[in-house]
Amino acid sequence: ALISAAQYYATARDSIRMMALFEQVEKEYRDLAPLAAEVALAQGRIAEGKGQWDRAIEVYETVVEAIEPRPGEAGAAGIVLDLPLRMARIRRRVGADTSPAALTTYYAPALSYYERLAGEEPETLTGLDARSRMADVYADLGQWAPAAKELRILEGELRQQESPPRDPASVRYATALVLHQGPGGADSSRAVLLSLLEEYPESPAAGQALLALASEATTRGAVEEALVFLDRIRDEHPESEKLAAQAMLSKGRLLASDGRWREAQEIFRALPVDHPLSEPALLAPLEIVAHYQEAGDAEGTADALRSAERDYREFLERYPTGFATLSARQKLVQTLVLQNRHDEAVTELVT
């Protein structure tokens, strides 16, 4: 109850009462490791906020030493697995030496901690999460091949479980992202993404893979190949509203850059109808404005701005609250500024 009250005061930004309660817990219940760990976590966060890096590391180390990780649980046991990596990143951030040898030293304790857990409990959620953190460590160090190796091991361990706690396809996708940073670059990444589509066609990660493949094909100038991948998202993953909207926006931009403006315009106008509450739908009117601006068409730009303004005002009337509303108002401001209606733009900013 005391910890809950302290957390309430933290939310209310009353640090004096928060610390008084944490100090009371530390004094009266110091023999109970879980409660002491909760206090240490709070102290560490406060120290980080004040830039007291050594103090933050000191208290985080007490938590790691006292608490066995249990991912998914509330409290310190559910958080402790993140702390070794967090401490390594703090050491890297404040360390004066940025040589490869120094970076390895900063991350060595975290890597040792995760290696031990992954070796002792390979099939448990703790061991699996530790393996994932090992990949994060190698990625932070720029050691892409070892990072990809750990992810492949993790995927194999997940595939052996009847009800894996994490989608193996998402790990395959993460492997592709890591390989893209390494010597093999886009070629290695593309091969892994294509294998994901073959082995995990029903996974949500397959939709992400299609979007990544479309982006890679666009970079290579393979427009038709990219369009095929984007259309597959629409056909094979219609359940993902966010992904489908992003695919439509990407397709419109690709067609516009390829000189196929009529097709692109149809997509930009269809987006607010098909996916009205998505960010791509809110971006679509500004994509039309940008086209006419780039073409040097003053009349077309003015018409597009008036249309975009009307669309955003109608959206705000229909959805007066919510995150999408905030985004719509920000874009309304853009249209007003582009029309040199600065007083109205200021009014919307104040709103």
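Q: At what angle do the axes of helix α2 and α3 cross in this predicted model?
A: The axes of α2 (residues 15–28) and α3 cross at roughly 145° and come within 9 Å. The crossing is left-handed.

Q: Which residues of α2 and α3 meet?
A: From α2, the residues are Met18, Met19, Phe22, Val25 and Glu26. On the side of α3 they meet Leu35, Glu38, Val39, Ala42, Gln43 and Ile46.

Q: How do the residues of the contact of α2 with α3 divide into nonpolar, polar and charged?
A: Eight are nonpolar, one is polar and two are charged.

Q: Why is the pair of Arg86 and Glu48 called a salt bridge?
A: The closest N and O atoms of Arg86 and Glu48 are 2.7 Å apart. A salt bridge requires a side-chain nitrogen of Lys or Arg within 4 Å of a carboxyl oxygen of Asp or Glu, so the pair qualifies. Side chains of opposite charge can pair when their charged atoms come close.

Q: What parts does the pair of Arg86 and Glu48 tie together?
A: Arg86 lies in helix α6 (residues 83–94) and Glu48 in helix α3 (residues 33–49), so the pair ties together parts that are 38 residues apart in sequence.

Q: Why is Glu48 called buried?
A: Glu48 has a relative accessible area of 15%, and buried means under 20%, so the term applies.

Q: What makes Arg86 partly exposed?
A: The relative accessibility of Arg86 is 40%. That value lies between the cut-offs of 20% and 50%, so Arg86 counts as partly exposed.

Q: Which helices does the salt bridge of Asp140 with Arg89 link?
A: Asp140 is in helix α8 (residues 125–140) and Arg89 in helix α6, 51 residues apart. The closest N and O atoms of this pair are 2.7 Å apart. Arg89, at 36% relative accessibility, counts as partly exposed.

Q: Why does the pair of Arg159 and Glu199 tie together parts that are apart in sequence?
A: Arg159 lies in helix α9 (residues 144–159) and Glu199 in helix α11 (residues 185–199), so the parts tied together are 40 residues apart. The closest N and O atoms are 2.8 Å apart. Arg159, at 47%, and Glu199, at 42%, are both partly exposed.

Q: Which residues do salt bridges that share partners join into one network?
A: The network consists of Glu309, Arg313, Arg329, Arg341, Glu344 and Glu348. A search of the whole structure finds 34 salt bridges.

Note on methods: Residues numbered from 1 in each chain as written. Predicted model: local features only at pLDDT ≥ 70, side-chain atom pairs only at ≥ 80, totals over all residues. Heavy atoms only, no water. Helix = DSSP H or I, 4+ residues; strand = E, 2+ residues; numbered from the N terminus. Buried < 20%, exposed > 50% of the residue type's maximum accessible area, 1.4 Å probe, protein only. Axes fitted to C-alpha atoms, helices over the stretch in contact; angles between N-to-C directions. Left-handed = near helix turned anticlockwise from the far one by under 90°. Contact = heavy atoms within 4.5 Å. Nonpolar A, V, L, I, M, F, W, Y, C, P; charged D, E, K, R; others polar.
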